[in-house]
Amino acid sequence: MTLSDGPPPGTRKDDEDGEDCGKKLSLRPVLPQIAACIAANSFYLPDGAVLGYSAILIPQLELPDSEITVTRLQTAWLTSLMMLVVPVGEAVAVLLMERWGRVRALQLALVPFVMGSVVIAVADSFDLILVGKVLVGVSLAVGTSPASIYVTEVARPDLRGALITAGPLIGAAGLLVAYAAGAVVAWRGVSWCCCVVAAVPLLLLTFCCPESPVWLVQNGQLDKAEQSLRRLAPGGCSKDEYAARELQALVLTTRRRGAGSGASADGSVPTWWTRCARSLKKGTAAIMDGRGSRRPLYLLCVLMFLQQFSGAYVLLFYAVTFFQDVQSSVDDYTAAALVGLLRLVMAVVTLPLLSRFGRRQLLIMSAAVMCASMLTSGFFSRRWPGAALAAGSALESLDVLDGLDVLDGPDADGLAGGAGGGARWVPPLCVLVYVCSSCVGVLSVPWILAAELFPQRVRGTAQAVILSLAHFFMFAALQTYRELNAWLGSDGVQWLYASVCAATVLFVWLVVPETQGRTEEQIEGFFLNHVLYLGRARCPDKAETAAEAGAPRPDVGDDGADKQGDVFVLQCREEPEGAVGDDSCVTHL
């Protein structure tokens with residue numbers, strides 16, 4: 001339920017002459033809504049900073065003169081432990097959102113972030129650093145969902161998609177801040193910088209972000225809801241008139257959906273705990289109700305597994321270490337900062353690509369380029385003299401080195417460009433290409449599919465399940481990276497990631513359906529009737545889909561016959577972009 005359930009913000013029902021509030025508004029009149037949504041999304045700034053912080057912390061702790069000594073296994077826990085607290089944090093986020101609202105939940109989520117950053121900055125032992133990382137992980141898990149939900153409830157429908165996508169863009173800026181700070185100051189200084197970064201969302205949430213009117217109406221706080229609507233009112237409209245109209249629409253929608261509010265038929269207000277329990281029970285039962293919800297769940301489980309073990313997130317957490325392992329000719333911290341900059345640039349570039357190209361196209365192209373990049377980088381890392389010796393902690397075991405095919409002599413010098421290392425620029429270049437291509441598809445599209453593939457009735461619960469599984473897979477990928485690096489060497493790990501990217505191309509080509517321009521009904525119809533996307537069967541029409549779901553049959557329209565020679569399943573007429581429900585919520589790191 002969003003503000004758009006009533007008349008579109010800035011549009012009067014009785015506006016006959018087109019004056020005051022027009023049916024189409026430029027961005028300037030809706031700046032209050034944009035500012036509020038960006039303020040909520042500013043939580044992603046410290047989110048991105050903490051992702052980049054691990055890449056700075058680990059190589060400095062591994063230095064011989066470090067005041068805190070760590071083992072390879074301990075560094076793996078430093079990066080991965082945060083991921084284990086995400087499912088618990090998501091449950092806490094639901095409770096906080098229902099009890100104190102979206103904005104207050106975001107503000108409370110910043111408290112453990114600051115506490116964790118301070119603990120890390122003053123830590124004198126590995127255990128204290130680990131405690132700080134757990135606190136930071138709780139903060140990230142608690143704050144991500146309220147931020148995206150706030151945007152879906154406040155933003156105008158035609159701005160909602162762009163404003164939701166602005167969250168990862170701000171997160172990329174936070175990642176760049178951490179990498180850039182790590183190139184200048186030591187790890188304790190970077191931790192203090194994270195505390196300063198957390199002040200940005202705190203100030204914006206306090207002064208630019210009124211509480212969600214939807215939540216206020218659900219809790220019977222109609223006076224506060226009206227005040228919030230006045231602050232969000234578009235320019236060119238009477239604030240009082242806009243607030244009264246939208247408040248009436250929200251109350252009516254709340255009654256109709258039985259969400260519970262002070263305006264309910266019997267005048268009672270269900271408690272926040274009752275609403276949480278009802279929502280959880282209903283969503284859990286519905287998600288396994290039929291093939292239309294089960295099959296997307298299975299598909300996304302596999303896709304998230306491939307995403308995490310493709311190395312895309314591993315590189316963000318181990319950026320400096322990764323460049324050390326490939327023995328690049330570029331300064332490791334400078335290269336990491338360049339990765340952060342490319343992430344930010346590609347986050348901007350990806351926005352128009354998501355609208356222009358299909359999900360399948362972006363995923364296949366992205367994974368294919370990632371595969372080629374890792375294959376090339378692994379080849380040069382293996383052929384470069386001594387690269388195998390620099391592969392993580394392979395130095396610890398001569399038995400590991402015995403099995404490595406390290407060339408020396410004229411062949412190696414000729415390939416690598418002699419003692420000057422003329423080919424040492426190839427691995428870092430391949431890694432940067434890998435980063436750019438991952439941003440276009442593998443890093444972003446699976447999270448979008450998590451919002452598009454599920455039917456509306458199970459979308460909230462299903463997304464929570466997928467988010468928890470994705471972070472569990474991320475934990476496994478981060479936890480095993482150092483051991484894999486010691487066992488396989490840097491080149492072997494890169495080839496392993498290349499093979500996972502190749503498997504991603506095959507899986508997407510065979511199984512993942514195209515959702516760009518498809519209605520929710522068409523997407524659900526595909527899963528009701530098909531397992532593989534590759535084939536010649538057409539997409540069921542609306543009448544068939546409704547009959548399968550047990551709903552009344554609508555008027556049957558002509559979806560067109562199958563096209564000869566077309567190898568894809570969804571032979572459906574094109575639908576306008578944005579056909580997926582507006583209240584879907586995408587969350588990614």
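Of the 589 residues in the chain, 57% are buried, where buried means under 20% relative accessible area, exposed means over 50% and partly exposed lies in between, with a 1.4 Å probe and protein chains only. The model is predicted, so that local features need a pLDDT of at least 70 and side-chain atom pairs count only at pLDDT 80 or more, whereas totals for chains, interfaces and linings use all residues. Residues are numbered from 1 along each chain as its sequence is written, and side-chain values use heavy atoms, with hydrogens and water left out.

**Overall fold and confidence**

The chain holds 24 helices and zero strands; both are DSSP runs numbered from the N terminus, helices being H or I with at least four residues and strands E with at least two. Among contacts with a separation of 6 or more, 79% join residues 24 or more positions apart, a contact being heavy atoms within 4.5 Å.

The average pLDDT of the chain is 74, and 70% of the residues score at least 70; pLDDT is the predictor's confidence in each residue, from 0 to 100. Residues 4-25 have a pLDDT below 50, and this stretch has 40 contacts in the model beyond near neighbours in sequence. For residues 259-267 the pLDDT is also below 50, with 20 contacts beyond near neighbours in sequence. Where pLDDT is low, the predicted coordinates should not be read in detail.

**The pair α2 and α3**

Helix α2 (residues 44-61) packs with helix α3 (residues 72-84) at an angle of about 170°, and their axes are 10 Å apart. The axes are lines fitted to C-alpha atoms, for helices over the stretch in contact, and angles run from 0 to 180 degrees between N-to-C directions. The two helices, α2 and α3, are therefore roughly antiparallel to each other; that term applies to angles over 145 degrees, while those under 35 count as roughly parallel, 65 to 115 as roughly perpendicular and the rest as oblique.

On the α2 side the contact involves Val50, Ser54, Leu57, Ile58 and Leu61, which meet Thr75, Leu78, Thr79 and Met82 of α3. The residues of this contact comprise six nonpolar, three polar and no charged. Ala, Val, Leu, Ile, Met, Phe, Trp, Tyr, Cys and Pro count as nonpolar, Asp, Glu, Lys and Arg as charged, and the others, Gly among them, as polar.

**Residues linking separate parts of the chain**

| Pair | Separation in sequence | C-alpha distance |
|---|---|---|
| Val177 and Ala49 | 128 residues | 6.4 Å |
| Ile523 and Leu453 | 70 residues | 6.6 Å |
| Ala105 and Ala93 | 12 residues | 7.1 Å |
| Ala337 and Ala178 | 159 residues | 8.3 Å |

Val177 belongs to helix α7 (residues 157-182) and is partly exposed, its relative accessible area being 38%.

Ala337 sits in helix α16 (residues 332-356). This residue, Ala337, counts as buried at 17% relative accessibility. Apart from neighbours within four places in sequence, Ala337 contacts Leu176, Tyr179 and Ala180.

Ala105, in helix α5 (residues 102-122), is buried with a relative accessible area of 0%. Its contacts, leaving aside neighbours within four places in sequence, are with Leu96, Met97, Val142 and Pro146.

Ile523 is part of helix α23 (residues 520-529) and, at 3% relative accessibility, is buried. Beyond its neighbours within four places in sequence, Ile523 is in contact with Glu452, Leu453, Thr515 and Arg518.

Helix α20 (residues 426-440) contains 15 residues and spans 22 Å from its first C-alpha to its last, close to the 21 Å expected at 1.5 Å a residue; the expected span is 1.5 Å times one less than the number of residues. Because 13 of its 15 residues are buried, α20 is largely enclosed by the rest of the structure.

Ser366 lies in helix α17 (residues 359-383) and counts as buried at 2% relative accessibility. When residues up to four places away in sequence are not counted, Ser366 touches Ser437, Ser438, Gly441 and Val442.
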